[in-house]
Amino acid sequence: MFRFIEQRKKQNKKELAESYTESSINAFKTILRMKNDWEALKNKMAETTAIAEFKDKSVTYDNIISGLKAIRRLQIIYEFDAHEISNGRIGGHSSKPLNVNDCYDMASLCYDNAEYHCAYWWFVEVYDKNKEEGNKLKIDNSTFITKFAWSSYLVGDIDRAMDVLKKYAEETNNINDNMMNMRLTVWTGKEVFKRNTADDHDKKFYSYSLQKLDSEGEVSNFKTACLNTMDFKYSKLKCRYYHGGRKYLTIGPLREEIVSLIPRMVLYHNVLYDEEIKKIKELAKPKLKRLSIDTNEDISLRKVALFKKHSDQVFETIHHRLSQISSNPTTKIVDRYVITNYGVGGHYLPHTKYIDNDHLINRNGRDAIVIVHMDDVPEGGATVLPYVKARVPSVKGSALVIYNTKITPKKKLLKFTQYGSCPIVYGDKWTLTAVMWLK
């Protein structure tokens with residue numbers, strides 16, 4: 001047992017290194033291994049064992065499911081195929097390959113939610129890897145073959161379904177009534193399905209994986225923004241050094257980048273410094289909690305912490321600095337800061353309200369939202385406004401200000417200022433979010 005622990009210490013040192021777990025796939029694999037290791041150890045260790053303190057901190061089933069869903073979203077949004085992901089090739093970065101049981105978990109996630117095109121391609125990976133790895137699939141083989149054949153049938157690949165059932169019968173020399181009935185159904189399917197749709201783009205099943213978006217059009221807009229394939233650009237955008245008439249910024253002006261004119265979106269660089277970011281993360285980590293209400297699909301891997309300016313000197317400093325950003329001298333920053341860590345493959349679908357009732361920092365409306373990025377995210381993780389075709393990557397220390405009210409006799413929240421965060425492919429994303437009032 002102690003030899004096992006020493007082996008895992010060495011592996012943990014490698015896997016918990018920042019450069020390794022920046023890959024969403026590697027991070028998910030590490031979570032899986034931690035759960036498997038725990039299952040192997042928890043019934044054997046004595047109370048005096050050095051790891052006994054972790055008995056109430058094991059990886060949960062919800063963590064695993066959330067990780068699987070995150071991988072599925074990466075597939076949909078960035079058009080990664082199952083073969084690329086299973087072999088550790090994703091988004092130009094090398095990750096640890098998924099084994100046959102990991103692939104089966106992905107296939108089952110899709111299958112159980114009627115995403116049969118997705119299930120089909122993951123079952124193909126399971127079928128191939130099970131042969132390569134020497135039949136290491138832990139699930140009963142007849143269950144796998146039934147799901148694989150049925151998925152093949154439903155996407156119109158009748159030949160594959162027939163071949164899988166035939167080989168299973170030959171290898172086991174045992175086929176039950178259910179298998180016989182399935183073979184008959186598949187065989188008659190040749191007259192039902194006019195073509196194989198396995199290679200078709202799986203638009204039909206977006207509703208589950210991105211269920212908070214109201215239509216296929218919203219999914220398409222979000223996807224287009226994350227892929228950065230938008231074809232619209234403003235012709236009068238500019239960059240400049242900004243001091244806004246403020247004495248505080250005259251000596252050290254901010255670099256200002258105009259992102260959008262309508263709605264007005266401005267990106268300020270070097271708003272936070274490395275030491276401040278380090279301090280904020282240190283303060284936030286012990287307080288990070290899951291959201292109390294599931295307002296944005298599965299959120300168990302994304303956590304938040306709340307602070308006010310008097311919580312620590314660093315928030316006093318940031319409060320003062322953010323109040324200098326607007327050229328309006330009556331600008332007020334609401335004394336409520338939400339620190340968010342997005343977790344493995346984290347995302348946030350387009351929205352106008354922020355998070356949930358416990359963390360709703362714009363309960364009575366707002367004039368602008370300020371999103372301060374605390375990490376460079378090499379791939380994915382951009383803040384997007386799909387309706388106005390705007391995309392802003394996460395650059396460490398930068399602050400994005402989105403002005404989202406129409407100045408009329410009565411202030412009105414602009415619906416097209418819905419913003420979201422694209423799924424993270426590679427990297428870790430932390431943000432500080434605040435609300436700005438313009439009196």
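Biologist: Where is N135 found?

Modeller: This is a predicted model, and in it N135 is found in the loop between α7 and α8.

Biologist: Is N135 buried or exposed?

Modeller: N135 counts as exposed, because its relative accessibility is 62% and the cut-off for exposed is over 50%.

Biologist: What is the phi of N135?

Modeller: Phi of N135 is near 55°, which is a positive value in a residue other than glycine. Most residues other than glycine have a negative phi.

Biologist: Which other residue has a positive phi of about 55° although it is not a glycine?

Modeller: N270 has such a phi. N270 lies in the loop between β5 (265-269) and α14 (274-284). With a relative accessible area of 41%, N270 is partly exposed.

Biologist: Let us return to the loop between α7 and α8. Is L137, which is found there, buried or exposed?

Modeller: L137 is found in that loop between α7 and α8, and it counts as buried because its relative accessibility is 12%, under the 20% cut-off.

Biologist: Which residues does L137 touch, not counting those up to four places away in sequence?

Modeller: On that count, L137 touches V100, N101, Y104, V126, N130 and F144. As for Y104, its C-alpha is 8.1 Å from that of L137 in space, while the two residues are 33 apart in sequence.

Biologist: V100 and N101 belong to α6. How many residues of α6 are buried?

Modeller: Eleven of the 13 residues of α6 are buried, so this helix is largely enclosed by the rest of the structure. The buried residues of α6 include V100, N101 and Y104, which are also among the residues that L137 touches. Helix α6 covers residues 100-112 and reaches 18 Å from its first C-alpha to its last, close to the 18 Å expected at 1.5 Å a residue.

Biologist: What about α4, how many of its residues are buried?

Modeller: In α4, 14 of the 18 residues are buried, so α4 is also largely enclosed by the rest of the structure. Helix α4 (residues 61-78) should span 26 Å at 1.5 Å a residue, and its end C-alpha atoms are 26 Å apart, which agrees.

Biologist: Now the helices on either side of our loop, please. At what angle do α7 and α8 pack?

Modeller: Helix α7 (residues 116-132) and helix α8 (residues 141-154) pack at an angle of about 135°, and their axes are 9 Å apart. That makes α7 oblique to α8. The crossing in which α7 passes α8 is left-handed.

Biologist: Which residues meet there?

Modeller: From α7, the residues are Y116, A119, Y120, F123, V124, V126, Y127 and N130. They meet N141, F144, I145, K147, F148, S151, S152 and L154 in α8. By class, this contact of α7 with α8 has eleven nonpolar, four polar and one charged residues.

Biologist: And α8 with α9, how do their axes cross?

Modeller: The axes of α8 and helix α9 (residues 158-172) cross at roughly 160° and come within 7 Å. An angle over 145 degrees counts as roughly antiparallel, and α8 and α9 are therefore roughly antiparallel to each other. Here too the crossing, of α8 past α9, is left-handed. The contact is made by N141, S142, I145, F148, A149, S152 and Y153 of α8, together with I158, R160, A161, V164, L165 and Y168 of α9. Its classes are nine nonpolar, three polar and one charged residues.

Biologist: Changing topic, where does Y387 lie?

Modeller: Y387 lies in the loop between β13 (383-385) and β14 (390-392). At 44% relative accessibility, Y387 counts as partly exposed. Leaving aside neighbours within four places in sequence, Y387 is in contact with E218, F416 and Q418. Y387 and P350 are 37 residues apart in sequence, and their C-alpha atoms are 9.6 Å apart in space.

Biologist: Finally, how many helices and strands does the protein chain have?

Modeller: The protein chain has 15 helices and 20 strands. Of its 439 residues, 52% are buried. Among contacts between residues at least 6 apart in sequence, 72% join residues at least 24 apart.

Methods:
Residues numbered from 1 in each chain as written. Predicted model: local features only at pLDDT ≥ 70, side-chain atom pairs only at ≥ 80, totals over all residues. Heavy atoms only, no water. Axes fitted to C-alpha atoms, helices over the stretch in contact; angles between N-to-C directions. Helix = DSSP H or I, 4+ residues; strand = E, 2+ residues; numbered from the N terminus. Parallel < 35°, antiparallel > 145°, perpendicular 65-115°, else oblique. Left-handed = near helix turned anticlockwise from the far one by under 90°. Contact = heavy atoms within 4.5 Å. Nonpolar A, V, L, I, M, F, W, Y, C, P; charged D, E, K, R; others polar. Expected span 1.5 Å × (residues − 1). Buried < 20%, exposed > 50% of the residue type's maximum accessible area, 1.4 Å probe, protein only.
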